[in-house]
Amino acid sequence: MKEYTYKKASIDDLELLVSSRVMVLKAANKLHEDTDMSEIEARSREYYKKALAQDTHTAYLVFDGDRLIGAGGMSYYSVMPTCCDTTGKKAYVMNMYTDPEYRRQGIAYKTLDLLVQDAKARGVDHITLEATDMGRPLYEKYGFVQMPAEMQLIDK
């Protein structure tokens with residue numbers, strides 16, 4: 001099995017993080033390559049600047065030599081403690097992506113594991129995500145389960 005480089009991203013990787021975010025959104029939403037993503041790019045750039053400075057986001061970039069072939073991120077936030085989660089510390093997996101040429105080699109699984117290890121080191125046990133149909137088997141293999149009680153207000 002080929003070895004790839006897994007790099008914990010820093011502010012120096014801002015443009016790679018933004019470009020990986022655009023790749024993820026285009027793939028997940030089945031958008032045409034020509035779709036204007038300029039607003040998403042600008043808002044993502046601001047998000048990463050703030051979140052990396054405040055240490056509320058961890059991202060990993062995966063390389064084959066100089067080529068970016070994968071990415072994944074974890075956003076951290078707090079809510080009021082509950083009986084089931086006395087710390088109130090939560091994490092949300094996002095921006096998981098592997099270049100189509102590199103899929104089914106364990107890259108996403110290893111990226112996810114690095115992110116989960118980071119969360120655990122921060123004392124975060126409550127980790128959630130949204131799964132695409134393609135990603136669901138990976139997350140289930142890792143141990144994520146469907147949440148039956150959560151709801152979302154769509155539009156009022």
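# Cavity, pockets and rings

S2 gives the most to the lining of the largest cavity: four residues. The model described here is predicted. H1, strand S2 (57–64) and strand S3 (67–78) each supply at least two residues of that lining. The structure holds one cavity of 30 Å³ or more. The residues that line the largest cavity include Leu17, Ser20, Tyr48, His57 and Tyr60. Gly72, Gly73 and Asn95 are also among them. By class, the lining of this cavity divides into six nonpolar residues, five polar and no charged.

The largest pocket holds about 1000 Å³ of space. It is lined by 33 residues, and the closest to its centre are Met96, Thr132, Met134, Gly135 and Tyr139. H1, S4, H3 and H4 are the elements that give two or more residues to this lining. S4 provides the largest share, with seven residues. The lining of the largest pocket has 18 nonpolar, seven polar and eight charged residues.

The second largest pocket has a volume of about 580 Å³. Its lining counts 20 residues. Leu129, Glu130, Val145, Gln146 and Met147 lie nearest its centre. Here the elements that give two or more residues are S4, strand S5 (126–129) and H4. The largest share, four residues, comes from S5. By class, the lining of the second largest pocket has ten nonpolar, five polar and five charged residues.

Now turn to the aromatic rings. How many aromatic pairs are there? The count comes to five. One of them joins tyrosine 4 and tyrosine 102. Their ring centres are 5.7 Å apart and their planes stand at 80°, so the pair is edge-to-face; the cut-off for that class is over 60 degrees. This pair links distant parts of the chain, 98 residues apart. Tyrosine 4 is in the segment before strand S1 (5–8). Tyrosine 102 is in the loop between strand S4 (89–98) and helix H3 (107–121). Are these two tyrosines buried or exposed? Both tyrosine 4 and tyrosine 102 are buried.

Tyrosine 109 and tyrosine 142 form another aromatic pair. This one is tilted, with 5.2 Å from centre to centre and 55° between the planes. It too links distant parts of the chain: tyrosine 109 belongs to helix H3 and tyrosine 142 to helix H4 (residues 136–142), 33 residues apart. Tyr109, Tyr139, Tyr142 and Phe144 form one aromatic cluster. Tyrosine 109 has 31% relative accessibility, so it counts as partly exposed. Lysine 141 lies over the face of tyrosine 109, at 5.3 Å from the ring centre. A charge also sits over the ring of tyrosine 76. There, the charged end of arginine 122 is 4.0 Å from the ring centre.

One last stop is threonine 35. Where does threonine 35 lie? Threonine 35 is in the loop between helix H1 (14–28) and helix H2 (38–53). Its relative accessible area is 29%, so threonine 35 is partly exposed. A polar atom of its side chain lies 2.7 Å from the backbone oxygen of histidine 32. Aspartate 12 is 23 residues from threonine 35 in sequence, and the two are 26 Å apart in space, C-alpha to C-alpha.

Technical notes: Residues numbered from 1 in each chain as written. Predicted model: local features only at pLDDT ≥ 70, side-chain atom pairs only at ≥ 80, totals over all residues. Heavy atoms only, no water. Phe/Tyr/Trp six-rings, centres within 6.5 Å; stacked < 30°, edge-to-face > 60°. Buried < 20%, exposed > 50% of the residue type's maximum accessible area, 1.4 Å probe, protein only. Lys NZ or Arg CZ within 6 Å of the ring centre and 35° of its normal. Polar contact = N/O pair within 3.5 Å; in protein donor to acceptor, adjacent residues only side chain to side chain. 1 Å grid on protein atoms, 1.4 Å probe; cavity = no way out; pocket = protein on both sides within 12 Å on 5 of 7 lines; lining within 4 Å. Points joined across faces, edges and corners; volume = space filled by probe spheres on them. Nonpolar A, V, L, I, M, F, W, Y, C, P; charged D, E, K, R; others polar.
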